[in-house]
Amino acid sequence: EGSVDLDKITDDIERKAIEGHIQNFGQTPSQLITKLPHPERLAKEKQPIAPFASLHAGDLKVHTPAKQFGGPKSSYGAILSLHAIGDSVFVLHSDFTLCSYKLNATRNNVLPVQIKADKCRTLENCSILTRIVDNDKVSNEQRSRLMFDNDSFALTMGGNYRAADHGADSSLLLLSCDAFENVVKIHSIETLQLQRSVSGGHRGSVNCIQVSEDGALMVTGGDDATCRVWVIEHDALATAITDGYVSSLGLDDDEITCAHVLFGHVSPITCVAICSKLDVVVSGSKDGSICIHNIRSGKFVRSLHVDAVTQDVKDSCARNNGITPQKLVIHMDGSFVAYFSDGTLMVITINGQCTSKAHVGEKINAMMICHESEVLITGGELGSVRVRTLNDLVVKCTLNIKKYGPITTLALTSDPNFLCVGSSNGFLSVVFRNIK
């Protein structure tokens, strides 16, 4: 800067070139430090270790607090679902008792987490279903259809509180799919009262439910071989994405609004996954078909299935030759992980390419992706937490907690990252990295 005198340049072409350079790119600033030596570059900040990255045997530890509401001595039963928001962990038991705990990080490397029991209450309007399931006159087929698991429940914040970034219990909504009444139920976490029951047009049982990472969208899958995309307490978004077909059905509701009906399956839906950032819904059905749809447009993208004989991914719907997908989770890189009824795990891209495959050797009841660490975490009937790398599905660490029975559900806390584990005997455990 200041070193170029345009008046002294006699060549018109050169002067115009320099003027154009200055106008488009500016001038090099004057030297700020002329006498003192230039200060050294600041040292790179030490990045915190991702909670489940680069694990080896013995790197994970588990803490099961002695004082908690559930357990084999209580009447609450197995843990159906876990939800971690802020410093609160909500635990739903099989008798529909909802227990809450406060989870706080400590500076103690031996036990870096404290868990304190908070509240214990029962969901409204669920005692009838409990009596039906326990009734001896109900057939095994009916009872199995009415059974719940961690895919039957979801927790989100109300629209007004999402916008204000509040974290009070009064803003939280517990969403559940009721296979007996064939509806989606909405309970307030603050009062546990039933606020709304809606079907969204599902004909028959609603089998599974998932909420997007931003909490504004939800997808359900039912026995009628359709999925429904819902908007949760967001009028502007509901108006923007609801299609004409759904509007003609008159399915609007004050709490949640059905925006799309997703077609493509011909058998009951077994599992769903949703990712708002990728604008993708992935669903699996009993005949082995996996369908991919856009969220906001509701458009069908493609269908896949895994051939039962060759175990290859085929770019078409299953024709009595597919393996039933039972769990789905979506990764931010445009792929998803599918767990199938034959015990196979697969990482499949949205374009239908299988990038890795593994046989787990147990029934998986819960699985999730830790995006910070690029790992897949699973828990199942053998009572072990397994951490696998996403690129090859190789097990990097196994934590055995089978003394509490099969693992039924998993949940990750936000900051810092602890893994909450629910077991069939009703105990809540917290898994953390062993800092050596």
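How many cavities of 30 Å³ or more does the structure hold? I looked this up before anything else, keeping in mind that I'm working with a predicted model. I got two cavities of 30 Å³ or more.

**Entry: the second largest cavity**

I picked the second largest cavity and checked its volume, which comes to about 40 Å³. Rolling a probe the size of a water molecule over the atoms shows where empty space is left. Next I wanted to know which residues line this cavity. I noted F90, L98, C99, S100, K119, C120 and R121 as the lining.

Which strands each supply at least two residues of that lining? They turned out to be strand 4, covering 97-105, and strand 5, covering 113-122.

Then I sorted the lining by residue type. I counted four nonpolar residues, one polar and two charged. Using the names, I put F90, L98, C99 and C120 down as nonpolar. S100 went down as polar, and K119 and R121 as charged.

In what order do its four strands come? I wrote down 1-29-28-27, for an open sheet with antiparallel pairing. Its edge strands are strand 1 (60-63) and strand 27 (407-412), and each of these pairs on one side only. I also looked up the twist, and from one strand to the next it averages 25°.

**Entry: strands 28 and 29**

How many bridges join strand 28 to strand 29? I found four, between residues 419-423 and residues 428-433, with the two strands running antiparallel.

Key: Residues are numbered from 1 along each chain as its sequence is written. This is a predicted model: local features need pLDDT of at least 70, side-chain atom pairs count only at pLDDT 80 or more; totals for chains, interfaces and linings use all residues. Side-chain values use heavy atoms; hydrogens and water are left out. On a 1 Å grid over the protein atoms alone, a cavity is a set of points where a 1.4 Å probe fits but cannot get out, and a pocket is an open set with protein on both sides within 12 Å along at least five of seven lines; lining residues have an atom within 4 Å of a point. Grid points are joined across faces, edges and corners, and a volume is the space filled by probe spheres set on the points. Two strands pair if DSSP finds at least two bridges between them. Axes are lines fitted to C-alpha atoms, for helices over the stretch in contact, and angles run from 0 to 180 degrees between N-to-C directions.
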